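Hello,

Here is the structure we talked about handing over. Please look it over first, then read the notes below.

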Amino acid sequence: MVSLNPTNQNSLLIRIKIKISQLLLQPSFIIGSILVIILTYLVIAPIISIFSNSVSLTMMDAMLSGGKDGAFTYKYVERVFTSSISEKIFWTPLKNSITVSFFATLIALALGLILASLVTSTNIFGRRYLGFLLIIPYMLPSQAMATAWLTMFKNRKISGPPGMLESFGFTPPDWLAYGPLPISICMALSYFPFAFLLFSSALSKIDIQLEEVASTLGAKTKAIWTKIILPLLIPTTMSVLLLTVARTLGTFATPYILGTPAKYTLLSTSLYSSVRSNESGVVAVLAIVLSLIGVMLLLVDIWVVRKWQRFVTVGGKGIKRQPSKLGLFRTPTTIFAWLIFLLAALGPFVVLALSTLMREPGNFSFSNFGLAYWTGVNVPGMDQPGMFTSPEVLTALKNSFIIAGSASIICGALGLLIGYAVVRLPGTLISGFLRQISFLPYLMPGLAFAAAYLSLFAVARGPIPALYGSISLLILVMVVTYLPYASRSGISAMMQVGPEPEEAGMVLGAGFWRRIVSILAPLQKSALVIAIILPFITGMKELSLVVMLVTPGTELLTTQSIRFLDFGYTQLANATILIIGVVVMISVLILNRVTKTNLASGLGG
Amino acid sequence: MSEIKLNSLVKNFGGNSLAVDNLSVTFPSGEFVCLLGPSGCGKTTTLRMIAGLERPDSGEIFCGDQTYFSSNTGEYLKTEKRNLGLMFQSYALWPHMTVFQNIVFGLDMKNESSSEKDKRFEELEKLFQLKNLKNRYPSELSGGQQQRVALARMLAVNPNLLLLDEPLSNLDSNLRLEMRAELKRLHQTLGCTIVFVTHDQMEAMTLATSIAVMNKGIIEQLAKPMEIYKNPKSLFVAKFVGSPQMNIVDFNDGEQLASSLLNKTKFDKNNVKTLGIRPESIKLTSKDNGDINGTIETIQPTGADWIVGLNISGKSIFAISSDQPPGNENDIIGLSFKLDGLHTFDRNDLKLEAD
Ligand SMILES: Nc1ncnc2c1ncn2[C@@H]1O[C@H](COP(=O)(O)OP(=O)(O)O)[C@@H](O)[C@H]1O
Ligand SMILES: [Mg+2]
């Protein structure tokens, strides 16, 4: 290497000047640096804020018990773990969360594995359709299942119109209507499609030759499954297990709807009530606990994946397994698979829809049907306008579109920009930092992240205004939460394209913007569409992330449905959920149309 | 039509060795220069620095009287402004543009009128036999057609300098011969400077008007192809160019052969570390009639000549004989060495010159 001449001060200056001018000429560097600054604030600041909140005295407590506002204190840590109310706000919810997660995950895993095996590898009737239909529950907002359950099994314990069974004259017992049993079942039915997707894709990736070799050695179908296929699925099983547990822990809607009437609290609902009662210290501690559990599960997952890596056989040639003939079992297994579809997707939809069309629940006489809850004309037993006339619904609909829409567009653009900077600046600090920081939000459950944003943006800090109560805050928090998926897909899209198409344009005289417009954007068109529609779908169904950040006027469809439930307007809540479901389905169809991609790859997140 | 001058170029990717290590060389104007070297020696990096796609850590690059890059003055000319043609190993045709759109892209960048674009496209269409392919997308073309589209796209803007990075390595052997001829013809008609990267010494020998042999980030020798072959300046160049390879021998490994070769030269044993003899400079005669005796191990007739594997007291070498070898496998025959293919190298693996 040419060494610097130390006596020549000028040459050093020139070198620095060159370095800077070179970097400034490089668009990826400029984009990267700006992203670093923005993301540092949006990702790191909330985390710091929540840690500091957990150990500093709130203004309220400072006034009540003396002491300085913001002084260091263990008060909230003690309150959560050792105080007299710790049992109520932490230990019991923790126990309940573990119970529910355990059963929900177990059921989801079993359903996912069985259905994936049936659909990918056997000749059950309608396997082609089941592959798509069985992921529908994943597209419904998580409160759909719970409200459908409530509409069906609700008893007189809580206010509002009676449940369908009740109106038939059968009063469901409390244990069937509320609490751990329905929560576990509803969560399992909401989350099994995730297991189904992962198992299906794992099954189709197993190299068919591994099975063929076994059959040449005399193994029958049963032996091939027990000795080869199932053992090869162990790594996937572990991943599904851990990720489903993480999901169930972070779910808010199901325990809120089905747990609250029975005073059955999970960690997520406990966190929510602390937010409602303005206990920001306790909120911070609970959010940290939730995040730590999330991080732990993720670390275990990474460890498991790494440990089993040598086990994973890549190189399935895309040859499909010959579907095995089920013989006598064909009819029963078919009935089972379609029954699950009925319970998890069609059933809730029909129940929700029926409930909004019947003036009195459970009365199937023709005259009882009508559009009253939609049009607002002659609504029985409440002084509420209908769906089409309610200003609240219209506002929520508008907000949902604005918030999910802007968040998804920003997310898509950010994802590609991050991808650009990360891939074009390989080996630099910026690249590594962007990669890591855009992944960080993945570690925090939505509720915890929202709590952090609440504490960060409740008041103005420096040049950043207080955003609480504004739509921008909701957009912002959505963008940051979905960033891990957006940046991951942005990075992989940029990797796939590689630098050459852009360089070929550079050589022919195309400047930066020209390259983006004529070369990169068209090449990334489908990646961009996916990167926008996926967050949009997630955003439309999002509840746990936004439920504690909305204020009157910034309600979304999802939170509005919870408000309706709170007031006992079950039908309106159900109608709202139906609207969300329809919007999401349409988006999914557009996505399929535009990209022809497999949903499995997209909805994995 | 301009010469390319590289001065003390250094490029480090952060590993413990430099990708390009203080490289200085001048490629004369109008030459067809082949940058020849084993994979990983820094050829692509050098080419990309000339194109401006990679920035040197230090050094200077000039093209004619234009400064492309200089770490002394801080000058740097953007790739977009260098007016050069670059062809990637993968061709990098844009999959979302038709053949026509790909080819006229450079003209678009210069805001040429559409009649000008059509005119230029027709010329190139003829030159590269792209009739009827105008509206196809790259995925609908064969490998050879893609190659020709990439060439046409590069030439559409009349670049001063053409840079090609192993453009023939994705083609099958027939097509490769055809494209070699095409490139040679192109160079003769255009007359512009071409820098062509390859790791295939045969390709370099047949195509180039100058070969630059590269090793570990530096250029070991720049010369006309026959000069490289006849007078390699270093052991590396001697070994890299020629097929079958030059026979290499030293005093630890083939003492007897080495001494016999050394006797033919006027160098002292103390100065010489390694000796090399080209296979075609070994003449096969009957036993005891040559400089040394050896046993025939293998005979591979190629049609035009015979490649004969020989063993001289444990050391295996190859000879090429244009006559039927004077014996069969396991026979002992005589070998005599011709001076023109005999090379001696010193302790630094540099050629010892007979003054
Ligand atoms: N972008 C890069 N990042 C890190 N190392 C690189 C990069 N490009 C090339 N190298 C390294 O530099 C050396 C020279 O590479 P290259 O110029 O591609 O060789 P060649 O084209 O002669 O095969 C190799 O050791 C390679 O690993
Ligand atoms: Mg290369």
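Start with the second largest pocket. Helix H1 (9-25), helix H2 (27-54), helix H20 (391-424), helix H21 (429-439), helix H24 (500-507) and helix H25 (512-523) of chain A each give at least two residues to its lining. Helices are DSSP runs of H or I, at least four residues, numbered from the N terminus. H1(A) supplies the largest share, six residues.

This is a predicted model: local features need pLDDT of at least 70, side-chain atom pairs need 80 or more, and totals for chains, interfaces and linings use all residues. Residues count from 1 along each chain as written, chains are lettered from A and ligands numbered from 1 in written order, and side-chain values use heavy atoms, without hydrogens and water.

The second largest pocket holds about 1300 Å³ of space. A pocket is an open set of points on a 1 Å grid over the protein atoms alone, where a 1.4 Å probe fits, with protein on both sides within 12 Å along at least five of seven lines; lining residues have an atom within 4 Å of a point. The volume is the space filled by probe spheres set on the points. Of 41 lining residues, the closest to the centre are A:Gln26, A:Arg424, B:Leu53, B:Glu54 and B:Arg55.

Now ligand 1. Its surroundings include B:Phe13, B:Pro38 and B:Gly40 (a heavy atom within 4 Å). One lies 2.9 Å from a polar backbone atom of B:Lys43. Another pair, at 2.5 Å, involves a side-chain N or O atom of B:Thr45.

Best wishes

Note on methods: Polar contact = N/O pair within 3.5 Å; in protein donor to acceptor, adjacent residues only side chain to side chain.
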